[in-house]
Amino acid sequence: MTSSTATPRRPRVLQVAYACEPYYGSEQGVGWNWAKQASRACDIWVICCADDCRGVIEQYLAENGEIPYLNFVFLPQSKIQRGIHKFSRWLPFLNYYAFKRWHYQAYQLARKLHADIDFDLVHHVNFIGYREPGYLWKMGVPFVWGPIGGVQNCPWRFSLPWGGSRIKETIRTICNSIQLRTSLRVRRAASRASVRLTANSTAKRYVEQVLGYPAFLMHENGIEKIVGQKQHNRNFDEPLRLLWSGGLNFRKALHLVLHALSRLPSESSYELRVVGDGPLRQNLQKLADELGIARNIEWLGRIPHEKALEQYHWADVFVFSSLRDTTGTVMLEAFASGVPVICLDHQGAHDFVTEECGIRIPVTSPQTVIETLTEAVVECARDRDLVRRKSEGALERAKVFLWDRQGERMARIYRQVLEKHCKSTDEIRIEIPDQLPEDSKEMVSLYAKS
Ligand SMILES: CC(=O)N[C@H]1[C@@H](OP(=O)(O)OP(=O)(O)OC[C@H]2O[C@@H](n3ccc(=O)[nH]c3=O)[C@H](O)[C@@H]2O)O[C@H](CO)[C@@H](O)[C@@H]1O
Ligand SMILES: O=P([O-])([O-])O[C@@H]1[C@@H](O)[C@H](O)[C@@H](O)[C@H](O)[C@@H]1O
């Protein structure tokens, strides 16, 4: 360690976030918020995809002013990569090839920047899926990987009987079981990482058991602010308001919800709003018709994010039926508005939703899941006090996921990585308020022991 009498400087950190955009959830929001949060404690450079992110980030900065200590470096896709992306719906595997090429170029750009800037730490942020870990681990600079996701599979019983997207999910499951064990790049990234952060407990288990490295649970997602106390002042005779939001595709599994609603007893009146669009829209609308529940459903289609957020004010309960999702921004958006969540009890939803803020449905067989979902909706429709209590629980739960808190957790991780890798604390320093909840303190001290 070197000692110096000069004032310690902020660490210089490079993040790679292919998707990085304000005003949105999903991967874009993840990239944007981790960059913004890290800039509270460090000088940040973020390499992100110029094609998708540049316009919207520049517009944001023009309207809101520059964010101190945050520098965006826009890396365009090549013509071939753009061509592949156009056909990505039909060629998902080729899409990963284009994605890999972009990450290699990001690595070359990172090396050039490093020659000028001399980074203290590099961090692969997204896409969070483990199968594309990028190349920053080759740089010889302390490397943080994660939060890592994409490890979970669609439960196999639900992909039967065969058909379109179900086959795709089955192929993905098979690929996962091979790629998780054999990908050299995944292994190298894991072994070179100073710390591996995992986005859900399924990914944590995988990194620890299959790859054999300690990993720490750090959900990749967060929420900007708690919107406020829900007003449950409607007449109890009014229909229960259910909200569902997401891509209308097989893995988000709206079909399970439709089947469950079709079994409700007539006294359980409800309205369902569906936000989002996708390849199965027509099939799902047809299914709702066949099940005789179409009159209870309003299909809003894909709507701007601010309009999507307004829907939580309308809702009593949010239903998250995903068969495969690392976590899901929509659950946190629901908590932030005091809307309890009914979800399948697996993957990130298992980690997010507690008894106090929702109802978790055991993932058994499709038939049993549908039956249990029906029971959960009946319970909410009958017992509005239960909904009110869980709504308070949701607002409490939301506090855990505030981006500011997430940022403080990450700053601690950065600090420990830098300390462990002999960067002098006289030379550089990360200032963070000491207000972390107990869970985060435990998580960070676990890293120190590893
Ligand atoms: C299948 C899968 O692996 N999904 C992952 C993907 O999220 P994925 O993109 O599937 O979905 P999310 O729920 O995270 O985000 C969707 C976002 O779109 C918004 N919205 C939705 C409909 C609409 O019409 N308008 C609109 O603005 C929602 O409010 C939300 O902010 O990236 C997230 C962040 O890494 C992960 O947590 C998810 O697990
Ligand atoms: O490669 P893959 O696992 O099918 O897909 C990935 C998901 O697992 C991940 O959760 C999501 O955030 C990524 O955007 C990507 O879609």
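Colleague: How many positive and negative side chains does the chain have, and how far apart do the centres of the two sets lie?

Modeller: Lys and Arg are counted as positive, Asp and Glu as negative, while His and the chain ends are not counted. Each charge is placed at NZ of Lys, CZ of Arg, CG of Asp or CD of Glu. On that basis the chain has 59 positive and 50 negative side chains, with 7 Å between the centres of the two sets. Note that this is a predicted model, in which local features need pLDDT of at least 70, side-chain atom pairs count only at pLDDT 80 or more, and totals for chains, interfaces and linings use all residues. Residues are numbered from 1 along each chain as its sequence is written, chains are lettered from A and ligands numbered from 1 in the order in which they are written, and side-chain values use heavy atoms, with hydrogens and water left out.

Colleague: What does the radius of gyration of the chain agree with?

Modeller: The radius is taken over C-alpha atoms, and the globule rule is 2.2 Å times the number of residues to the power 0.38. For 450 residues a compact globule would come near 22 Å, and the chain has 22 Å, which agrees. Along the principal axes, the C-alpha atoms fill a box of roughly 75 × 45 × 45 Å. Buried residues (under 20% relative accessible area; exposed is over 50%, partly exposed in between; 1.4 Å probe, protein chains only) make up 56% of the chain.

Colleague: What is the strand order in the open sheet of 7 strands?

Modeller: Strands of a sheet pair through backbone hydrogen bonds, either parallel or antiparallel. Helices (H or I, at least four residues) and strands (E, at least two) are DSSP runs, numbered from the N terminus, and two strands pair if DSSP finds at least two bridges between them. Here the order is β3-β2-β1-β4-β5-β6-β7, with parallel pairing. The edges are β3 (70-75) and β7 (216-217); each has a single partner strand, so one side of each is left without a neighbour in the sheet.

Colleague: Is Gln 347, with its positive phi, buried or exposed?

Modeller: Gln 347 is buried, at a relative accessible area of 8%. Its phi is about 50° although it is not a glycine, and it is in helix α12 (residues 347-352). Tyr 69 also has a positive phi, near 70°, but is partly exposed, at 45%.

Colleague: Which residues does Ser 365 contact, leaving aside its neighbours within four places in sequence?

Modeller: Contact means heavy atoms within 4.5 Å. Ser 365 is in contact with Arg 157 and Phe 158. Ser 365 is found in the loop between β13 (358-361) and α13 (366-382).
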